[in-house]
Amino acid sequence: MKLLRQSTIGALVLAATTLAACGEKGSDTREVAQKGDQTAQNTLQQAANEVGKTEKSAMAAIDDAAITAKVKAAIVAEPALNGTDIKVSTTDGVVTLVGVAEDQQKIIKAQQLAQTVDGVKSVNNALVVKAPA
């Protein structure tokens with residue numbers, strides 16, 4: 001009976017030690033899982049931020065293209081600017097006019113037209129008067 005009691009106590013001590021060790025390993029496993037979850041969340045957040053930036057960049061490029069098209073259309077539709085060689089580009093809502101016009105009044109007119117287009121923040125006017133032939 002004494003041997004059975006000692007064996008039982010030994011088995012219980014062994015079981016308790018094993019369970020305690022498992023509890024610690026479980027704790028480590030939980031910590032690792034939590035760290036993994038946090039890392040995954042951080043990675044997803046970074047990815048979402050990058051997608052957001054890319055989306056904003058794409059939308060800005062679309063907006064700039066639309067502004068450029070509207071400014072070009074306004075210049076082409078203006079009879080006073082008929083025959084002028086004006087290139088238009090837009091970056092972040094800032095329109096740049098480059099090229100030649102027959103006189104200073106046409107340069108001013110082109111700038112005024114560009115400034116009236118919706119979405120234009122400012123106009124960089126790099127137009128020059130055409131040299132006499």
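**Exercise 1.** How many residues does the largest nonpolar core have, and which have the most contacts inside it?

*Solution.* The model is predicted. Start with the size: the largest nonpolar core has 17 residues. Next, pick out those with the most contacts inside this core: Val71, Ile75, Ile86, Val88, Val95, Leu97 and Val120. Then ask where the core residues come from.

**Exercise 2.** Leaving aside neighbours within four places in sequence, which residues is Val88 in contact with?

*Solution.* Take the contacts in order along the chain. Val88 is in contact with Thr68, Val71, Lys72 and Ile75, among others. Further along, Val88 also touches Val95, Thr96 and Leu97. Now compare with the core: Val71, Ile75, Val95 and Leu97 are, like Val88, among the residues with the most contacts inside it.

**Exercise 3.** How many salt bridges are there?

*Solution.* The count comes to two salt bridges. One joins Lys87 to Asp85, with the closest N and O atoms 3.1 Å apart. The other pairs Lys106 with Glu102, where the closest N and O atoms are 2.9 Å apart.

**Exercise 4.** Are Lys106 and Glu102 buried, partly exposed or exposed?

*Solution.* Buried means under 20% relative accessible area, and exposed means over 50%. Lys106 has 15% relative accessibility, so Lys106 counts as buried. Glu102 has a relative accessible area of 41%, so Glu102 is partly exposed.

Notes: Residues numbered from 1 in each chain as written. Predicted model: local features only at pLDDT ≥ 70, side-chain atom pairs only at ≥ 80, totals over all residues. Heavy atoms only, no water. Core = buried A, V, L, I, M, F, W, Y, C linked by side-chain atoms within 4.5 Å. Buried < 20%, exposed > 50% of the residue type's maximum accessible area, 1.4 Å probe, protein only. Contact = heavy atoms within 4.5 Å. Salt bridge = Lys/Arg side-chain N within 4 Å of Asp/Glu carboxyl O.
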